[in-house]
Amino acid sequence: MKRFKKDNRGAALVTAVITIMFIAILGTTLLSVSYSNLIMKKNNMKAKDNNYTAEMAMGELQAVLRSQPDKNAIVSLLNDNTKVNQTSKLFLADTFYPVAKSEANSINDQITITYGNITSTPDSITISDVTASSVVDGFESNVKTDIVITYTSGGRYNLDINDFSILTDKDFSLDDQQDRATNAHIYGYLYCGRKSNSDNTAMCISHNSNVNIISEAAIINGDLIVQDSAVLHILGGTCIVTGNIKVTGNATLIVSSNCKVSGTATGNIIGMNNITTGTGININSALNNGTVTKGLFKDCVLTGGITVNVGTNLAAENLSAESKKTFGTEEYRAFLFQEQASGQTFNELKNTLFLSNSKLLFQSGDYINTTIVTPGRVVMAVQKQFVTTQLAPDKYEALRQLTVPKIHPSGHNTIENPTVAATGQPLKFDDLLYPRDVTSNFLSNLFNVANPDGGTKKANVKLTNWRINDYD
């Protein structure tokens, strides 16, 4: 039998060819995955940018409506065919959202705000199905809400707690040093104080957060810091910053309102011509040295001679014992909350008068029809959408009349049914809150600072819901 000799010649070539083919296939696969991932990230960025543009347009619309002095001015504006196309039910960009319009930078990009119907009563105007639609590079985002405009009698001191979305004696921050983006819209008056005696920061917007402040008066009693890649848009009436504005990194500050700054304003600021720097604005000593609780709440002596102050003497409160009232199908509530070293985390506050002396961490959900008052910090820290609006006057007045649930004043046992010593009647939230008049120095001073030339507050613009749709 003939024997064949073993011959390995060419084996290395075959191995090399197989290896090269494997590497080529692996490389092609990795390249394809990387490319797909890049496309997904690019699309995600476009979608977010598109969504921000739609929300910016909606915020500008709110600000224009808020800036009108009274009902007649709003009616005149909505009936002006050069500003509102009644046939197409379209708000025209040059009047209502010029900044958002400028974001559309090509013939294929569009930003429009339409509405369903406008109905009015002697006391209000309702604009239904208001939709901000942004189309950029084939991606479309819709932000939809209803807008209700109500009227008060006006007056220089016609200001109360319900006019605020957030009233905090310490700083208001988004992200709180966590690498997460937060998207927030704040409607109504805003006041925030300094972080501490050694840290002058009153508001800090960081990382990829996007914030719209739509307010007739926003008081930032310290430094305003916008850093990393955050975007802050200030719209509405007057924004007062008693410290400095510091915009660093890739962050952007857009100012579409009248902004007065005691110190300096540096960084990437769009609308710098709206900012007056070095104005020497100084909130008087009643605000500088006091606290929100001293300015807004009054001591109340209970049966037994115990004095309760919401901000300083309240040691504990059971949230499950909150007071509630139903309006139609909507349930409203009012409660006090204790101070905790670590603060308290919430995932939604809706239809709420919230009086606290704790740090508050908001993680998700909307805060519609809610007034938040605390001498502690307010932090929004999650990759979520936040919409914060203030209580309507009638709901606020009704909540003030609710009976305060059991409380635990510092140094005393829990009082199950607190009563006022002078009257013997159950303690109500109204017994703790200052009434709407000039005796509340904090509020009247705040209004004077935000409106140095005087003025009135007559139109209250609120959204009743907020819906977002993204698609391509």
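**Exercise 1. Find the accessible surface of the protein chain and the share that belongs to carbon and sulfur atoms.**

Start with the total: the accessible surface comes to about 21,200 Å², by the Shrake-Rupley method with a 1.4 Å probe, where for residues only the protein chains shown count as cover. Next, the share: carbon and sulfur atoms hold 50% of this surface. Before going on, note that this is a predicted model, in which local features need pLDDT of at least 70, side-chain atom pairs count only at pLDDT 80 or more, and totals for chains, interfaces and linings use all residues. Residues are numbered from 1 along each chain as its sequence is written, and side-chain values use heavy atoms, leaving out hydrogens and water.

**Exercise 2. Decide whether Glu-55 is buried or exposed, then identify its side-chain partner.**

Glu-55 is in helix 1, residues 11-66. With 0% relative accessibility, Glu-55 is therefore buried. Its side chain makes a polar contact of 3.5 Å with that of His-185. Such a contact is a pair of N or O atoms within 3.5 Å; within protein, one must be able to donate a hydrogen and the other to accept it, and residues adjacent in sequence count only if both atoms are side-chain atoms.

**Exercise 3. Describe the faces and neighbours of strand 3.**

Helices (H or I, at least four residues) and strands (E, at least two) are DSSP runs, numbered from the N terminus. Strand 3, residues 110-114, has Ile-111 and Ile-113 on its covered face, while Gln-110, Thr-112 and Thr-114 are on the uncovered one. Strands pair if DSSP finds at least two bridges between them. Strand 2 (residues 90-91) runs antiparallel to strand 3, joined by two bridges; Leu-90 has Thr-114 as its bridge partner. Strand 5 (residues 124-136) is also antiparallel to strand 3, over five bridges, and Gln-110 is partnered with Val-135.

Terms used: Buried means under 20% relative accessible area, exposed over 50%, partly exposed in between (1.4 Å probe, protein chains only).
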